Amino acid sequence: MSNEAILHGHAGVDTSHEVHHDEHGVHHHKETFITKYVFSQDHKMICKQFLITGMIWAILGGFMSVLFRLQLGYPESTFPWLEDILGKWAKGGKIQPEAYYALVTMHGTVLVFFVLTGGLSGTFANFLIPLQVGARDMASPFLNMLSYWFFWMASVVILTSLFLETGPASGGWTSYPPLSALGDASSGSKAGMDFWIIGMALFVVSSLLGGLNYITTILNMRTKGMSMTRLPLTIWALFFTAVLGVLSFPVLLSGLILLLFDRHAGTSFYLSDIFIASTNQALPNEGGSAILFQHLFWFLGHPEVYIIILPAMGLVSEVMSVNSRKPVFGYMAMVGSLFAIAILAFLVWAHHMFVTGLNPFLGSVFVLLTLLIAVPSAIKVFNWITTIWRGNLRFTPGMLFAIGFVSLFISGGLTGIFLGNSTLDIHLHDTLFVVAHFHIVMGVSAFFGMFCGIYHWFPKMYGRYLNNTMSYIHFWVTFIGAYLIFWPMHYEGLAGLPRRYLDYSGWHSFNQFGDLNRFISTVAMVVFSVQLMFVFNFFYSIFKGRRVTTTNPWGANTLEWTTPIHPGHGNWPGEIPEVHRWAYDYGKDGREFIQQTEPIGPNESKH
Amino acid sequence: MSTIFLILILLLGFLITFQIAKASEYVGILKGEKKNFEQNNRINGFLMIVFLVMGLIGVYWCNELYKGKILGEAASDHGEKIDTMLHITLVITGIVFFITQILLFWFAYKYQYSEKRKAYYFPHDNKLELIWTVIPAIALTVLVGFGLLYWFHITGDAPKDAMQVEVTGKQFNWIFRYPGKDNIFGKKYYQNISDKTDNQLGLLWDDPASRDDLVVGTTMYLVVNKPVKMIINSRDVIHDVGLSHFRMKMDAVPGTPTTMWFTPKFTTDEMRKKLNDPEFDYEISCDQMCGKGHFSMRGVIKVVTQSEFILWRAKEKPNYARVMANKEPATPAQADSVKTPTAKINSEGATGLVAATK
């Protein structure tokens, strides 16, 4: 479908209609409130829908962590106001174990899928792909709209499950059976688990619709001159992310469907030899394998962490280069390492399963492949550091978050070398070391990538700036807070403290960290309140922020900055610009920046 | 009351921040965009170097504070290897950590915006990139090499003379079985499990090997310096036998037995003296989310000398003897189950059996 047809083609595009409009580029359809803000097919509006839904989820998910951190930090205290919010789940002001596990589970599910996958990819793939490849919209704006509304439905289902009488899913975000399959083993595995499975199924549909659209748009709709090697790294990262999602999410769905069968149709895919003490009954299921689910889950689950981190890497590469006034170092190596990470993402899933009784030889293969990922990751880190070397750095809020991202990615990546090594994993598996590791490397890092993107592209999204002072406070408090929370947590993990414990005081080996837990909880609350300030800044600035006065406020090269300050549906009022060079000609031949649309001059040096 | 007070303070703090933020934006406009930008840039550049220095001090301080709290010497032979591996990894990753973090923040500080500086156009350098592909690759080869060496040793076959203990997890405690004098575990079948008749593991009594099996809860006894092989099972959901002092861990999966072996190095008494802690016990923690009681699924291991172990075993009654002693005419189901273990082929029969044992 041609770029123009996308905007104007309703069902059954007829060519005459297309020709009729071709010279304008802007369209003249009458837009109502519904088509503009609700069932919008404009990628920029869909981006905002994803972003704001993601932010609502992030607040909810973050608030859940504040609640369970309260329990972890003050296991002996009671908070009567908790009973006001949670009712029977916090009887007497103390979070009940069922509620604690429900909070942990939903915190994980919400942040991994709804914020850092839907919210992050959904926002920036939608916003940047058409704008940076030079397209009027996605290949299929209609599917794109459906992608958001499936995401929305998934959100509704998961949100509803919070209010069920038996509580939401509470078997951890990985929901391993048999626990997740047996309502008698855990109250969260009753209706809550069905809601979780349905919510996730809808989410998978949303992710596939989005992903296929992103891939198609990047491959087919690049403007004239925009060869693949001239794409900004954001687009490369979003491209590999979409490929990962399309190939791995269906595997999760199949695993979940089998789980649904085990729950309701009496099958035994995951169940075998089970006696339930609470009902005093042995189940008839024999011959299933509980480990099968883990293979299916982690076949998605591991690529999933790259689905989260790759877009962040792309955003950071772009923002870092723009604000260093210097080309990103080793463009091809950056693309190559993204590619290597995307391939390896599919070959390492069993490193989550070293202690499940996996064949040790198979385990050793996964050790090798897992540690291999450190090579492309190291290349990326060194390239980022070289990008800022001898640059002329502008510490815009976006740039600060980009630097923060690299720092956190180093810290979290290095602890991955501990966990990927099966020998160490025996001791560290499922301890707080793992919690600290993945929160730094894919939780906080990905959030930093997301913030970096929001601060950098907010002027393009809304034609206004975010307030700088609040942005700086947001960055420094979050950055310092993230380290204060998760750095000492590694020591708890080294001491063997298992994760998903709501109270360590009954353990002789694990009760020595009471002070630390209180400290972590306090910092977590401070960091959470600063995120609320960011949300306030975001919405305040949409309406009252300082106005953007030039089309290219950051002096950047990519195509989105050639559009008007408030681009309409179709992005460019006239012709789509032609591209003549890569996206990173900063500081070349003594010029501060050269936009991609500028033809190569006769005397220009080659790189 | 204090909650409302706290919320008020928070709101007030927020309002003040917001007003300052708004005011500073106006001041920025008054000062001129360029000057304002340069000032902000200097502050943030300075904070970069402050963060680096404070961060490095913090890392050192945190280590001083907590290094004494992370368990101390490993209490098993495999644990020693894991600790060695930990130290090798710590040194290699530590070097990388310090170099990269220092470079990152130092560069950020050093190359902050200055009107005089021109950014250096440096798009790529194959030699540099080759260097930092090869060096990590070599470092990782070392780590993989050591890692797999230890891994194969730890997960390899247990010595032939290893003592065998069967560990079974259930919501939310642990059951241990010893094979008895014949050193053979009797047959069992999960449909036969009955907590009421004290057959927690579903042993089949018509297998003679099962009649001398010891079945105990909560506390496991092991012999110091004698390799132990654990055969790990679960009765309901997935659990995990976590032994942090021995540095060992293995999942308990229903329907799929797993194994692990190690040799305890110190008796519980020796550890108590060593740690100067008379209440010390080796604890078994459940390390895999298993339901609402997960955090309290505690077991204890007592490591004792060979003679103490023999004494303990002599005192314990086999499960079968216990069942026979308690047996009353009111529980004919037990007799049934002894007679009809073949019921397992017939699922209906099996369900019937469970119904009967209720």
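Modeller: Two residues are in contact if their C-beta atoms, placed from the backbone, lie within 7 Å. In chain B, take the contacts with a separation of 6 or more: residues 24 or more positions apart account for 69% of them. In chain A, 78% of the contacts between residues at least 6 apart in sequence join residues at least 24 apart.

Colleague: What kind of model is this, and how are residues and chains labelled?

Modeller: This is a predicted model: local features need pLDDT of at least 70, side-chain atom pairs count only at pLDDT 80 or more, and totals for chains, interfaces and linings use all residues. Residues are numbered from 1 along each chain as its sequence is written, while chains are lettered from A and ligands numbered from 1 in the order in which they are written.

Colleague: Why is chain B called more spread out than a compact globule?

Modeller: Set its radius of gyration, taken over C-alpha atoms, against the globule rule, 2.2 Å times the number of residues to the power 0.38. For 358 residues the rule gives 21 Å, but chain B has 31 Å, so chain B is more spread out. Its C-alpha trace spans about 95 × 55 × 45 Å along the principal axes.

Colleague: What does the globule rule say about chain A?

Modeller: With 607 residues, a compact globule would have a radius of gyration near 25 Å, and chain A has 25 Å, which agrees. The C-alpha atoms of chain A fill a box of roughly 80 × 55 × 50 Å along the principal axes.

Colleague: What share of each chain counts as buried?

Modeller: In chain A, 62% of the 607 residues are buried. In chain B, buried residues make up 37% of 358. The test counts other C-beta atoms, placed from the backbone, within 10 Å of a residue's own: 20 or more is buried, 12 or fewer is exposed, and in between is partly exposed.

Colleague: Which domains does chain A have?

Modeller: The assignment gives domain 1 (41-251 + 306-316), domain 2 (347-548) and domain 3 (557-601). Between the centres of domain 2 and domain 3 of chain A lie 33 Å, over C-alpha atoms.

Colleague: How many residues of each chain take part in the contact between chain A and chain B?

Modeller: Chain B gives 104 residues and chain A gives 106. On the side of chain B that touches chain A, helix H4 (126-155) of chain B gives the most, with 15 residues.

Colleague: How do you know that two strands pair?

Modeller: DSSP must find at least two bridges between them. Strand S1 (residues 163-170) and strand S2 (residues 173-178) of chain B have five bridges and run antiparallel. Val167(B) stands opposite Phe176(B) there. A hairpin joins S1(B) to S2(B) through two residues. S2(B) also pairs with strand S3 (residues 214-217) of chain B, antiparallel, over four bridges. Arg177(B) has Val215(B) as its bridge partner in S3(B).

Colleague: Why do S4 and S7 of chain B stand at the edges of their sheet?

Modeller: The open sheet has five strands in the order S4-S10-S9-S6-S7 (chain B), with mixed pairing. Strand S4 (219-223) and strand S7 (248-252) of chain B each have a single partner strand, so one side of each is left without a neighbour in the sheet. For S4(B), strand S10 (residues 298-304) of chain B pairs in the parallel sense over five bridges. One bridge joins Val223(B) to Val304(B).

Terms used. Domain bounds come from an automatic or database domain assignment.
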